[in-house]
Amino acid sequence: MITNTLQDPILHLHGYMKKIFFTFFLLLLAIVFIIGITEAAKKPKVYIKKLKNNHYQLIVDGKSFIIKGVCYSPIPIGQDYSHNFAADPNQPWLVDGKLMQAAGINTIRFYKCEKNCSYTKKLINDLYRLYGIRTIIGHWLGFWDYPGPFYADKDFQEKIKKEVLDTVNFYKDEPGILFWVLGNENNYSFAGTVQPWSSQEIDKEPDAQKQGIMRAKIYYSFVNELAKEIKKIDPNHPVALGNGELRWLDIANEVCPDIDVVGCIIYRGKTFGNLFNSLKATFNRPLVLIEFGADAYDAYAKKEDQNMQAFFLESQWRQIYENLANERQGAGNCLGGTIFEWTDEWWKHNECDQASWSVHDTGAGWSNGSYYFDIKAPENKNMNEEWFGIVAISPELENGKNIRIPRKAYYVLREFWKNPILKKKEKK
Amino acid sequence: MNKSQIPNPKSQTIHKSQFLNSKLSVCNLWFVICNLFVIWCLVLGIFPLFAQDNLETLKDKYFSEHKYADFTDYLKQARKKNPKVEAETSYYIALTRYNQLKYLEESQNWDEYFSSGNDYRDELVAQASNTVNLTSPQDSLNLYAHCLLWQFHKDQQDVFAEDALKALMSSVEEYAGKKEDLRPIKYIADKLYSYGNKSESKKLYGIYADKLLKTETKEGELKKAAEETFALGNISLSTIIYDSYINKIVKAYPKEKSLPILLTIAKSFSYKDEGRSDADYAEKIFKKIEEIAGASSALDEEASYIRAYNLEKAKVYPGSRDKYTTLINRFPDSTHYEEALYKCGIITAYILKDIDRGSEFFAKLAKNPTISSYVISSIYQLGLLSQWRKDFPKAKEYYSRLMELTANGFGDTRKLTQERLKELEKDGEIEYNLKTFLGASLKENFDMSKIDLKASPYKVLKDKDTKISANTPFPESGCMNVEVTYLWSGHLGTSSTPANQPEFTTSYQYTGTKEINLVVMTPSGILEESIDMADVE
């Protein structure tokens with residue numbers, strides 16, 4: 001009894017303490033769980049994560065996401081850029097989406113979206129819901145407006161801002177949206193040789209280089225302002241700056257704190273050279289190659305050459321993968337890319353001649369020595385704008401759509417994405 | 001050579017029968033002997049001593065027939081038989097894969113490229129790395145393997161290229177500190193040079209030249225080495241060896257003996273329409289000559305002209321004008337006197353933008369009582385500058401004088417003058433191309449060296465063709481075409497109105513120096529402008 005009376009309170013106390021600890025533990029667990037849920041709820045659907053090694057990852061719905069994409073502009077034979085393919089009752093994206101999914105493509109990029117277009121919304125929704133394909137939406141920022149892109153003019157800026165914010169407002173809640181791209185190769189206008197624009201202050205400056213810097217500051221400041229405004233209405237998606245090569249990005253670095261991603265348009269042939277490290281040094285943001293690729297027409301031999309296209313694309317993707325996050329020796333700042341482009345566009349070579357929209361023109365529009373197989377073509381013009389698709393289109397119709405014929409690049413990339421063989425590290 | 005002549009490890013019996021075949025040619029016999037020697041080396045285990053040279057020979061044979069897979073199999077078998085040769089065979093397997101990938105791309109053998117390309121790449125890196133690991137930097141094979149890895153990464157333009165270059169350079173430097181054999185250093189320096197890695201190749205050429213100096217103490221040998229590399233087109237190495245040679249002779253010889261040697265070197269490097277030259281290096285030697293001689297009078301008339309002309313073609317215009325002025329002052333009876341004076345006028349007025357001083361040169365020449373193409377051209381320039389300055393009466397006076405003097409010749413300048421006179425008859429407004437050039441060159445601040453404007457050849461015979469071409473650096477514009485207009489003017493020869501193209505071919509019917517003007521326009525204005533001079537002899 002004595003023993004029992006002595007032991008009982010101790011046992012009792014011990015059991016009591018156990019209960020307290022257990023309750024406390026449960027409470028702690030609940031708190032951690034609630035905090036976790038709240039934090040997760042706070043995170044945007046799509047965001048950039050900077051890793052401890054200073055590499056960048058794109059996080060989509062809580063998971064890392066490598067952009068394996070294509071620029072999507074499925075203009076049918078006989079139509080030109082003004083054709084609204086999203087309103088096509090034959091819904092070509094359903095065929096395309098299936099083919100894309102089979103190849104491992106998870107993203108498409110639109111250069112522009114029709115304003116308040118419910119068809120486009122449906123297209124985005126269909127691709128995401130049926131095939132898990134996400135969409136990058138771009139805006140030209142009035143680059144092709146007539147009489148010119150007057151970025152120094154406040155009224156012009158306001159007009160563009162309204163267009164951009166309307167677009168964001170209309171599409172932002174679509175679950176398939178990945179991010180926004182502002183501009184394309186608009187920076188090439190800074191030198192005054194293409195789509196020139198100016199202001200009184202710029203005209204007063206006699207030094208052409210300084211004029212360029214002035215234009216860059218005006219334009220990039222405007223883009224940053226747009227990014228800031230977009231984030232106010234859509235915190236769920238990053239904002240990218242579309243840029244031709246890396247030209248002028250040192251200026252963007254000074255005036256674009258609100259830009260999350262750099263989207264580069266690059267045509268450097270077999271690889272991207274020092275692009276990834278150069279970007280790190282000039283404007284340290286994650287990089288998406290929003291336009292790159294190779295055409296499938298040999299302008300020298302004057303015949304289609306699917307192998308040539310596949311060769312360049314495979315090599316380009318190998319380098320993209322070398323520079324993704326956590327690749328030990330890469331720059332770690334690449335998030336992926338969108339190939340130019342999904343299907344051929346037959347209107348491009350001579351857009352003023354409507355009859356030529358129904359002809360697959362073999363004329364080359366510009367020269368690029370990095371695509372060396374056919375650089376000896378007349379006048380060194382070797383880039384055939386109508387032959388960039390990794391999928392060819394046939395004049396023959398199936399259910400109202402031009403029949404899709406995947407090129408070799410499609411298959412080569414499909415295999416690459418299944419098993420991206422990266423070069424093994426040299427062993428010391 | 002047919003397929004059966006190449007040893008295939010899977011068909012050794014064929015080799016034996018080949019050996020026994022009495023109809024074997026001498027070449028075939030030699031090839032089989034070579035193979036047998038490799039096998040003998042393998043058996044005796046002395047492969048590493050001899051194998052590399054023999055494998056080189058075998059490699060050449062296999063590569064010439066693009067039998068890369070066969071050679072790889074052969075090497076793998078050799079390694080199996082004698083593991084001591086692992087380093088050598090690994091290197092050659094890597095080298096084979098490297099060449100195989102290049103060949104698949106060149107020959108556009110895409111099926112194999114896409115199906116096996118990644119495997120070959122992996123094997124290349126693994127085997128070359130294996131050689132690096134199995135050898136020390138004192139072994140030339142180690143250097144070659146490093147070099148191959150760097151070449152591979154450089155070709156791929158991948159992220160490993162920078163590290164591979166660092167590893168290569170440090171291993172070469174380590175090797176150079178301990179070994180006397182210069183061949184691997186030269187080989188790697190040449191490779192770096194061919195890939196455009198100029199600073200690294202220069203560094204290695206420096207090491208090579210230093211070692212060469214230690215072993216080749218005779219000046220004659222050094223001179224021979226410098227001349228040979230120059231003749232082979234390796235200007236970078238040649239200048240390094242010449243520097244060492246010059247240092248040596250300057251110290252060893254009195255200036256009476258060293259100066260003529262230096263002058264010969266300077267002339268050989270001076271600009272020429274055909275053959276090798278390095279205008280900058282030539283000028284460096286000319287300066288050295290002046291330094292040693294203690295005065296600019298060290299150069300005779302011909303050398304003075306060569307120096308001025310060399311600077312003109314290097315587009316070092318202020319220097320060129322100074323040297324032409326020196327020639328004018330020191331050699332007033334020179335056969336190049338008028339040419340020098342005229343060129344001084346052109347450079348001063350249009351490039352250095354000093355119209356008054358430029359006009360003085362032209363005026364001096366215009367006073368010459370003996371009529372020549374230079375005198376005529378100078379009068380034309382004086383008229384043109386007056387017209388541009390809106391001094392029409394003065395312009396007309398010059399042009400009229402020119403018309404009087406050229407009644408029986410100088411048709412090209414006469415024709416230009418007639419055009420100017422017609423303009424004066426109207427409102428004096430100069431035609432668009434020429435007016436744009438004058439406006440840009442006399443008023444604006446363009447850097448004339450930006451356009452690579454040239455004539456090929458510069459010194460052209462009467463009625464013979466010369467190609468005028470302009471390479472303009474355009475601002476980047478992606479896939480958007482920049483609309484460019486080429487405005488040519490001046491003495492353009494028979495092709496007096498070339499189409500709006502960056503190049504054209506022309507010929508001249510009259511001797512003298514012909515100025516060629518170019519303005520490159522974009523829709524937003526003048527992009528660049530330039531002037532050049534061809535000499536018709």
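## Helix α5 of chain B

Let's start with helix α5 of chain B, which covers residues 86-106 in this predicted model. How far apart are the end C-alpha atoms of this helix? They lie 30 Å apart, and this agrees with expectation, because 21 residues at 1.5 Å a residue should span 30 Å.

Most of α5(B) is covered, with 15 of its 21 residues buried. Just past α5(B) comes B:Gln108, whose phi is positive, at about 55 degrees.

## Where chains A and B touch

Next, the contact between the two chains. Chain A contributes 32 residues to it and chain B contributes 28. On the chain B side, the elements giving two or more residues are α6 (110-134) and α7 (140-156). The largest share of that side comes from α6(B), with 10 residues. Sorted by class, the chain B side has 13 nonpolar, 11 polar and 4 charged residues.

## A sheet in chain B

Further along chain B you will find an open sheet of 3 strands, in the order β1-β3-β5, with antiparallel pairing. Its edge strands are β1 (452-456) and β5 (503-507), each pairing on one side only. From one strand to the next, the twist averages 20 degrees.

Take a look at β1(B) and β3(B), the latter being residues 465-471: they pair in the antiparallel sense over 5 bridges. Which residue of β3(B) is the bridge partner of B:Ala455? That partner is B:Ile468.

## The domains of chain A

Chain A is divided into domain 1 (1-42) and domain 2 (47-418). Taken over C-alpha atoms, the centres of domain 1 and domain 2 of chain A are separated by 57 Å.

Key
Residues numbered from 1 in each chain as written. Chains lettered and ligands numbered in written order. Predicted model: local features only at pLDDT ≥ 70, side-chain atom pairs only at ≥ 80, totals over all residues. Helix = DSSP H or I, 4+ residues; strand = E, 2+ residues; numbered from the N terminus. Expected span 1.5 Å × (residues − 1). Buried ≥ 20, exposed ≤ 12 C-beta atoms within 10 Å, placed from the backbone. Domains from an automatic or database assignment. Contact = placed C-beta atoms within 7 Å. Nonpolar A, V, L, I, M, F, W, Y, C, P; charged D, E, K, R; others polar. Pairing = 2+ DSSP bridges. Axes fitted to C-alpha atoms, helices over the stretch in contact; angles between N-to-C directions.
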